[in-house]
Amino acid sequence: MRPINEAHVAEPGLAVVEVAARDDQTALAVQELLATLCAIAPADRTTREPGEPGVRLRCFLDLRQAPVSQSR
């Protein structure tokens, strides 16, 4: 995965979460769970790193904002 950009964590309440899981469904389910708790910029897909087990997913959270489903 690419390095974390300083802008992604520039203020309190911003976070980058990296998920490692056995399969795409599990990683995406974790991301969906996080989206119920706070505002999130979700990943479109998972990635596989050669020589490492499972898949990886990175999403960006903003704990300062309510989830999109709750803000409407």
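Residues are numbered from 1 along each chain as its sequence is written, and side-chain values use heavy atoms, with hydrogens and water left out. Because the model is predicted, local features require a pLDDT of at least 70 and side-chain atom pairs count only at pLDDT 80 or more, whereas totals for chains, interfaces and linings use all residues.

The chain has an average pLDDT (the predictor's confidence in each residue, from 0 to 100) of 90, and 93% of the residues score at least 70. Among the elements of the chain, the mean pLDDT is highest for H1, at 96, and lowest for S2, at 93. The C-alpha trace spans about 40 × 25 × 15 Å along its principal axes.

The chain contains one helix and three strands; these elements are DSSP runs numbered from the N terminus, with helices being H or I of at least four residues and strands being E of at least two. Along the sequence they follow the pattern β-α-β-β. The three strands form an open sheet in the order S1-S3-S2, with antiparallel pairing, two strands being paired if DSSP finds at least two bridges between them. Strands S1 (14–21) and S2 (39–41) stand at the edges, and each has a single partner strand, so one side of each is left without a neighbour in the sheet. From one strand to the next, the twist averages 35°, where axes are lines fitted to C-alpha atoms (for helices over the stretch in contact) and angles run from 0 to 180 degrees between N-to-C directions.

Strands S1 and S3 (residues 55–62) run antiparallel and are joined by eight bridges. Within this pairing, Ala21 has Val55 as its bridge partner in S3, and Ala20 is partnered by Arg56 of S3. Three bridges join S2 to S3, again in an antiparallel arrangement, and Ala39 stands opposite Asp62 in S3. Helix H1 (residues 24–35) packs on the sheet and touches S1, S2 and S3; the direction of H1 makes about 10° with that of S3. Contact here means heavy atoms within 4.5 Å.

Buried residues account for 25% of the 72 residues in the chain; buried means under 20% relative accessible area, exposed over 50%, and partly exposed in between, for a 1.4 Å probe and protein chains only. Six of the eight residues of S3 are buried, so this strand is largely enclosed by the rest of the structure. The largest nonpolar core comprises ten residues: Val19, Ala21, Ala27, Leu34, Cys38, Ala43, Val55, Leu57, Cys59 and Leu61. Such a core is a set of buried Ala, Val, Leu, Ile, Met, Phe, Trp, Tyr and Cys residues joined through side-chain atoms within 4.5 Å. The elements S1, H1 and S3 each give two or more residues to this core, and the largest share, four residues, comes from S3. Ala21, a member of the core, is in contact with Thr26, Ala27, Gly54 and Val55 when neighbours within four places in sequence are left aside.

Cys38 is buried at 4% relative accessibility, and Cys59 is buried with a relative accessible area of 0%. A search of the whole structure finds zero disulfides, a disulfide being a pair of cysteine sulfur atoms within 2.5 Å. For Cys38, the nearest cysteine sulfur is that of Cys59, 8.1 Å away.

Among contacts between residues at least 6 apart in sequence, 60% join residues at least 24 apart. Gly13 lies in the segment before S1 and is partly exposed, with a relative accessible area of 24%. Gly13 and Leu61 are separated by 48 residues in sequence, with their C-alpha atoms 8.0 Å apart in space. Leaving aside neighbours within four places in sequence, Gly13 is in contact with Leu61, Asp62, Leu63 and Arg64. Asp23 is placed in the loop between S1 and H1 and counts as partly exposed at 27% relative accessibility.
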